[in-house]
Amino acid sequence: MAVRRPLTSPHSQTNSRHAALAGRVLSAAGGMTAGLASEGPLPSRRDIQLLVEELLEVLFPESHRMGSVGPSEGRLRDHVADTIASLEGHLERAIHLGLHRLCSTKRTRPGHTCDRRARALTARLLEALPDIRARLGKDVLAAYESDPAATGIDEIVACYPGLYAIAVYRVGNELLRLGAEVLPRMLTEHAHSRTGIDIHPGAAIGESFFIDHGTGIVIGETSVIGNRVRIYQGVTLGALSIKDRGRTDKPQTKKRHPTIEDDAIIYANATILGGNTVIGQGAVVGGNAWITYSVPPRTRVGVGT
């Protein structure tokens with residue numbers, strides 16, 4: 001009697017085929033793995049979204065982004081406290097995942113150095129939240145005073161994409177200043193994907209910053225923006241073309257992006273380029289202007305009569 005061989009199920013055949021293709025995909029660009037973390041992934045998009053929502057709930061609790069709370073001050077305080085408790089764990093994990101590519105040493109248990117740094121950075125960011133909220137309060141007031149369409153502070157907090165992008169930037173900027181890796185950029189890129197406003201967390205932005213409409217704005221890493229500056233949609237604060245910078249171990253620290261001094265106004269779709277370019281105090285740059293030179297204080301350029 002002939003021995004009958006077991007049939008291979010279609011499911012196992014599919015798995016085998018997919019596994020073989022997966023192996024070919026993974027080996028197709030081996031050089032990419034040299035820059036990847038060896039101890040685990042970066043935070044997921046879902047992680048970042050939750051983190052941003054919790055941060056905004058703490059910074060703007062009156063908007064009740066994550067659910068309703070009672071009108072009493074005590075209940076609001078308890079709600080913020082509960083949100084901070086949840087935020088702390090999520091923030092520490094996200095900071096750790098951003099750090100672990102670089103902070104471990106051969107002399108310590110793998111991840112031990114990262115664990116300590118993540119806890120310390122988390123504690124320092126949480127302690128900075130009152131100051132960040134105070135700065136955001138000035139940004140909100142700047143929007144209310146600058147936009148006649150605003151019916152109230154609550155509308156600005158709930159609806160304005162510019163404030164959303166500025167709020168996430170201010171958290172990312174503080175994290176970057178404290179020494180966090182990758183996570184600050186992931187936060188601002190989340191805001192970029194949601195609002196169309198691209199602010200690098202390394203930019204230096206002063207008080208009472210107002211972005212009107214905002215879609216298409218780009219603010220580069222070494223941009224410096226003073227106090228009470230207004231920027232409209234489509235504005236680019238960028239770098240002049242760099243022919244071939246090569247590859248170094250660390251990003252270049254040379255100033256590549258413009259400086260915008262106090263009280264300047266930049267109208268829609270203006271492009272301002274170069275690290276030596278300074279838009280002087282109180283200057284006005286008109287829409288669609290192309291600027292690669294410094295503008296003296298209180299000067300109007302590219303503005304029709």
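Among contacts in the protein chain between residues at least 6 apart in sequence, what percentage join residues at least 24 apart? The share is 47%, where contact denotes heavy atoms within 4.5 Å. The model is a predicted one, in which local features need pLDDT of at least 70 and side-chain atom pairs count only at pLDDT 80 or more, while totals for chains, interfaces and linings use all residues. Residues are numbered from 1 along each chain as its sequence is written, and side-chain values use heavy atoms, with hydrogens and water left out.

The protein chain contains seven helices and 14 strands; these are DSSP runs numbered from the N terminus, with helices (H or I) of at least four residues and strands (E) of at least two. Of its 305 residues, 41% count as buried. Buried means under 20% relative accessible area, exposed over 50%, and partly exposed in between, with a 1.4 Å probe and protein chains only.

Two packed helices are described by the angle between their axes and the distance between the axes. Axes are lines fitted to C-alpha atoms, for helices over the stretch in contact, and angles run from 0 to 180 degrees between N-to-C directions. Helix α2 (residues 45–59) packs with helix α6 (residues 161–178) at an angle of about 100°, the axes being 11 Å apart. The helices α2 and α6 are therefore roughly perpendicular to each other, a term for angles of 65 to 115 degrees. On the α2 side, the contact is made by Val52, Glu53, Leu55, Leu56 and Leu59, and on the α6 side by Tyr164, Ala167, Val168 and Val171.

Helix α7 (residues 183–195) also crosses α2, at roughly 80°, and the two axes come within 10 Å. The helices α2 and α7 are therefore roughly perpendicular to each other. Here Ile48, Gln49, Leu51 and Val52 of α2 meet Leu183, Met186, Leu187 and His190 of α7.

Asp82 lies in helix α3 (residues 73–99) and counts as exposed, at 56% relative accessibility. Asp82 and Val58 are separated by 24 residues in sequence and by 9.6 Å in space, C-alpha to C-alpha.

Tyr144 is located in helix α4 (residues 112–146) and is partly exposed, with a relative accessible area of 39%.

How values were computed:
Parallel < 35°, antiparallel > 145°, perpendicular 65-115°, else oblique.
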